[in-house]
Amino acid sequence: MKKLFTIPILLLLAGCDIAVLDAKSETGQDQAFLIWFSFGLMMIVLLIVFILFARFVWKYRETNQNKDTLPKDVKGNKKLEITWTTLAVLLLAVLAVPTVSITYNQSPILSSSEESEQAVHVTVTGQQYFWTFDYENGKQTTNKLVIPANKTIVFHLKSSDVIHSFWIPRLAGKTDVLPGKELLYKIANPEIGTYEGHCAEFCGVQHAKMQFTTQVVSNEDYEKWLEVRAQKGG
Ligand SMILES: [Cu+2]
């Protein structure tokens, strides 16, 4: 019996540091909100189903003197049918409103050219088995991404060989990186810090080593870093 509880408890403990739920950017926090919101709704439905299940199990248990009582036939009960259809539609509508609004909000297609000018653009190229990052002033880094805090960063994702997936769990969800096609991806207002990044698509034998570090620095530090690198030509 003990073993029965050990596994779920270990699973719960293992989940103590779930990066996607401890997001350090506006984009990531919105995504984490959606996860919690849909999880909450799911738990409400689950709770109602379990309460009903327990009620029926109790009501029609073997020792109950009325156990032979047949429940009322609900076939063709319009009221019930309308109720559960409406409830399902309402539930989906409640889920759809924040999902659609957040999804639109996260679109990397910026609404105005002014917004696009204020954003920081970085070209990300996935290759077997490393990442290169090209900045607006022509600088390039490998496996190390540096971006400014509290700004909108638009990534132009490219692959020079196979399909990869760009993922910084603490900043935002993953997006595929496809050969022959440039995909856009946006991270809004990241917090200062150092975060791990991965390739989230199996792309070959060294795939697991395809990791990078993301440094989110202040706007000032970012400008300085960009300049210093430019002077050194690195
Ligand atoms: Cu990979």
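This is a predicted model: local features need pLDDT of at least 70, side-chain atom pairs count only at pLDDT 80 or more; totals for chains, interfaces and linings use all residues.
Residues are numbered from 1 along each chain as its sequence is written, and side-chain values use heavy atoms, without hydrogens or water. Local features need pLDDT of at least 70 and side-chain atom pairs count only at pLDDT 80 or more, while totals for chains, interfaces and linings use all residues.

Trainee: Which residues are the protein donors of the copper ion?

Mentor: Donors are N, O and S atoms within 2.8 Å of the metal (3.2 Å for Na, K and Ca); water is not among the atoms, so sites may look incomplete. Here the donor atoms lie 2.1 to 2.5 Å from the copper ion. In sequence the spacing is C-x1-E-x1-C-x3-H. The donors are Cys-199 (SG), Glu-201 (O), Cys-203 (SG) and His-207 (ND1).

Trainee: Is Cys-203 buried or exposed?

Mentor: Buried means under 20% relative accessible area, exposed over 50%, partly exposed in between (1.4 Å probe, protein chains only). Cys-203 has 7% relative accessibility, so this residue counts as buried.

Trainee: In E10, what is the bridge partner of Glu-196?

Mentor: Strands are DSSP runs (E, at least two residues), numbered from the N terminus, and two pair if DSSP finds at least two bridges between them. Strands E9 (residues 193-199) and E10 (residues 211-217) are antiparallel, with six bridges. The partner of Glu-196 in E10 is Thr-213.

How values were computed: Helices (H or I, at least four residues) and strands (E, at least two) are DSSP runs, numbered from the N terminus.
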